[in-house]
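Welcome! Take a moment to turn the model around before reading on.

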Amino acid sequence: MVVIATVYLGLQLKNLSIDADILRSLPEDDPHAALLKQISEKFGGNSMGIIILETDNVYQTEVLEHIRSITDTLGYIEGILSVQSLTNIINIKGSELGIEVGQLVDEYELPTTSEQFEGLRNNVEANEMYKGTIVSEDATSTLIIFTLKDGANVSAVANAVIAKTEAMHLPEKLYYIGSPMLVTYISELMKNDLINLLPIAFLVIAIILLLAFRSASGVLLPLLTAVIAIIWSLGTMSLLGYKMSMISNNIPIILLAVGSAYTIHVLNRINQLKTTDRDEAISKALSYVMVPVILAAITTVIGFVSFIFGAYLDMIVDFGIFTALGTFFACLLSIFFAPALLDIFTSKKRNKELIPNKVRRSFLSEKLLSPLNILLFKHPKYVLLTWSALIALSIVGIFFIQRSVDIQEYFKKGNPTREAERIMIEKFGGVKPVFVLFKGDMQSPEVLKMMIKMGEYMKQSPDIYTTQSVADLIAEINFAITGERKVPDDQAVIEQFWFLLDGNEVMQRFVTEDLDEGIIISKFKSADNDAKKEFARYMDRFIEKNSTKDCRIEITGMPFVDITMDRSLINSQLGSISIAIVFVIIIVGLILRSLYSGLYASIPIVAAIIILFGVMGLTGISLNIATVLVASVALGIGIDYSIHIISHFNDTFQKTGDVRKAIQDAIMISGNAIIINVISVSAGFLVLVFSDMVPLQYFGILIALSMLGSSLGAMTLLPVILILVHSKEK
Amino acid sequence: MKRVQIFFLFVISFVFTINGAIAQDASTLLHNMDNLMSAPKDKQATVKITLTNSSGKVKVREAMMKQKGKDKKLYRYTKPESQAGIATLSLPDNVMWLYLPAIGRPTKISLLSKSQAFTGTDFSYEDMESKPYSERYTPTLLESDKPDMYVLELVPISKKSKYAKIVLTLDKTNFYPLKMDFYNSRGDKFKEATYKYAKQGDYWYAKELLMTDLKKEHSTAIEMTDVKFDQGLPDDEFTVEYLKQ
């Protein structure tokens, strides 16, 4: 049955596709996010790609030739709707006799003389529509902007854009940015991560298991259960029509680390029973280990499920659901499937396996666990003091935690995308789109004048460089015909100007077909959250004063989404952690039949989480959409260590009434499994250090850190507390 | 061996001669088409322009068209309401005047780029040019699989063309165009025009014309009604001053 399910769900994996578009993960109930989605559907803003061409001076015949050939090349790519560049942009300008309608640059007769270039440069700089949007003011960079057809295969287009432009081997530097490029780039990184990291994680965990168990089954069974759990959960994901996001991309590695742990515990118990009868050992071990393993799985599931509440991005919710599901599968498999396999395959050679186990046990016990035991009983107060100091220091650190919602921080330093972003910010006014939506008659002078007024108002903000709207186009035509750069007062004039604009590709970026909605397109410069909030307040003041029934104004854009996302980071963090802690205490308390045990068990993990946040604050690792997951995941996994210690302690204490013996037993036996578990889980997560995405690197490091913290807590802080509590009782 | 070579030489030279003869033929055919198009001394018609976008949305414009000779053309728009009264006057040498009633005076439009679309239609200014095809393109006769049609390949003489070539299908008896396929430099067809010609009196005219931009999935249909020929339209009607009326 396991085989059939695995094959069936494994086949589903083929259909699992990657979706790195963060926009699609924004929740519908956030008005800014909903409006942003709406605008990108209506005006195609989201599917705009940009090539930045960087050189010493754009105004050279050779450079223009290259821009022209890139423009042509892009125009031929299937799925690209329109291309706009210096060599094909429409230009309407006044001349002595009337107006000239044409292109800024005659693509068939490129300028060659310095006078011609001077003229072109003046043209560009005089026009609001070009300045800082097509050519940078220092003339070193120019943009080639393309839009995608509705329903185009984004990654196919993006890859074709890169492949075809790189094949031209131009002397100028090309950078690629804009949502289709970024989304594709992130998908590439995700694929790379999956292909590169999963085998490494596999290998690392295999080596650790080999060292720990020194047997083939000890290596194979945990890995096998983890792999099956991965296939099942991803297969279910595919079956239900979900897509891989940048977060759920980690599910395999997380499940590999978490899922193998349950089988480790089961095998550990089987091995520790020095029975020669394998069947008896298995059933006995299972009866011992079933409760802690299920308990461990439940708490881990709670950690993952806690993301469902309070998470802002849909992809985090999806991640929570499917990792929880995978954890559940792994737990089931470790209890039913792994022992069954062990029973089938190892009955012939049962004696061989027992020998190395004894060797290993004495090694760990003598060098680590015995000294630890002695330390705990000799200096319990010092241990407590050290922990208190660490926690105090960490609490200070918590106040320094920074938050970051910037997608660019996904890329490593020196990555061309980051360089592209730098150029966009320095020379083209930023990368974060801002849209102001106007609902009203797009040919009414009042609405258009309000758009101009709004544009002027926006440009007074330090973070807005340029704005573009249909009102600017109308004012530009009016300037060409009458010499006045303003929106005409007469609606009839505007309607007739429309005759010149009708059908122009640029129009669909600015107004709807029915002319009842139009947008101002702008870009926001700063990545700073306070600057975004300040801008939001600044804009709200204007909108509140000027939005009327005939001209309804709304604003949205990435800065606004960022503000909400930033706020939700804290909410989601606090929400998921408190849910996780409360549920974990309740469940541990219920199963161990003592609320105190639940509370004690949670002390080490709470301490570890405080230290985790402290480290984040002190080292400057920011809270972002990946690291926000760490605390709850750590809580779900880390609590296991305390559960093992405390259940073992309770067990022995109830039997003997001897605190010392109970602690010693717990540390000597459960400590052993904990150490193997911590090392293998941490190593699995540490593989993420090699990820191409920065937040995932930190995610890996931080989880490993929390594992270390919570296991140390479980083996030092928890016993000390138990010792002190029980000595008081006496 | 040698015989074979001689044979090949013969065949090759034969092919070349035939090609030469065909080239001659092709330009005659294109001239014939030009002559058919410019046969009337003047022409007047009601023109209905229907624009259809990729989502099927339709916009309709109507204009009164007057033409004298081959390169004087006047359009006066009557629909839609908001654009009624707008007039364009095309004169020789790519000079175009625009009259917007709301502004009250004609404005000269210099067309710097011929590939630019003509106000919302799928025709570029190049398509609308008054210069005869035979002066703008070098024709070659292609093989036709239909007995009543010629197929010509037109290569633009000017380097400023958006087209790498146009494949023209011509009616064999009357020399009016049936179809034009427009190709870009990649050899991909990106626009196509289909014509329906009708005869009125002595003259053939394009009663219906459908231009489709295959990439944008956008089309422009032009329909001519109330066509009148050789009314002796005066030259005054094709002046800037007359535009205002």
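## Two crossing helices

Let us begin with a pair of helices in chain A. The axes of helix α15 (residues 470–482) of chain A and helix α16 (residues 491–501) of chain A cross at roughly 95° and come within 10 Å. Because angles of 65 to 115 degrees count as roughly perpendicular, α15(A) is described as roughly perpendicular to α16(A).

Which residues make the contact between α15(A) and α16(A)? On the α15(A) side they are L473(A), I474(A), I477(A) and N478(A), and α16(A) brings I494(A), F497(A), L500(A) and L501(A). Sorted by class, this contact has 7 nonpolar residues, 1 polar residue and no charged ones. Please keep in mind that the whole model is predicted.

## Chain A as a whole

Stepping back, chain A has 23 helices and 10 strands. Its C-alpha atoms fill a box of roughly 105 × 50 × 40 Å along the principal axes. Of the 730 residues of chain A, 52% count as buried. Among contacts in chain A between residues at least 6 apart in sequence, those joining residues at least 24 apart make up 78%.

L203(A) and G684(A) are 481 residues apart in sequence, yet 9.3 Å separates their C-alpha atoms. L203(A) sits in helix α6 (residues 179–213) of chain A. Is L203(A) buried or exposed? L203(A) has 12 C-beta neighbours inside 10 Å, so it counts as exposed.

## The domains of chain A

Chain A is divided into domain 1 (61–183), domain 2 (214–409 + 563–729) and domain 3 (441–550). Taken over C-alpha atoms, the centres of domain 2 and domain 3 of chain A are separated by 56 Å.

How many residues of domain 2 of chain A are in contact with domain 3 of chain A? There are 4 from domain 2, and they meet 5 residues of domain 3. On the domain 2 side that touches domain 3, the residues divide into 1 nonpolar, no polar and 3 charged.

## An open sheet in chain A

Now look for an open sheet of 4 strands in chain A, with the order β2-β5-β1-β6 and antiparallel pairing. At its edges stand β2 (80–84) and β6 (173–177) of chain A; each has a single partner strand, so one side of each is left without a neighbour in the sheet. From one strand to the next, the twist averages 20°.

The partner of β2(A) is strand β5 (residues 141–148) of chain A, and the two pair in the antiparallel sense over 4 bridges. Within this pairing, V83(A) has F146(A) in β5(A) as its bridge partner. Helix α3 (residues 61–76) of chain A lies across β1 (48–54), β2 and β5 of chain A, and it runs at about 10° to β5(A).

## Over to chain B

Chain B comes to 4 helices and 13 strands. Buried residues account for 25% of its 245 residues. For contacts in chain B between residues at least 6 apart in sequence, 40% join residues at least 24 apart.

Strand β4 (residues 87–91) of chain B pairs with strand β5 (residues 95–99) of chain B in the antiparallel sense, over 5 bridges. In β5(B), L98(B) is the bridge partner of T88(B). The hairpin has 3 residues between the strands, and D93(B) takes a positive phi near 65°.

Definitions and conventions. Residues numbered from 1 in each chain as written. Chains lettered and ligands numbered in written order. Predicted model: local features only at pLDDT ≥ 70, side-chain atom pairs only at ≥ 80, totals over all residues. Pairing = 2+ DSSP bridges. Domains from an automatic or database assignment. Contact = placed C-beta atoms within 7 Å. Nonpolar A, V, L, I, M, F, W, Y, C, P; charged D, E, K, R; others polar. Axes fitted to C-alpha atoms, helices over the stretch in contact; angles between N-to-C directions. Parallel < 35°, antiparallel > 145°, perpendicular 65-115°, else oblique. Buried ≥ 20, exposed ≤ 12 C-beta atoms within 10 Å, placed from the backbone.
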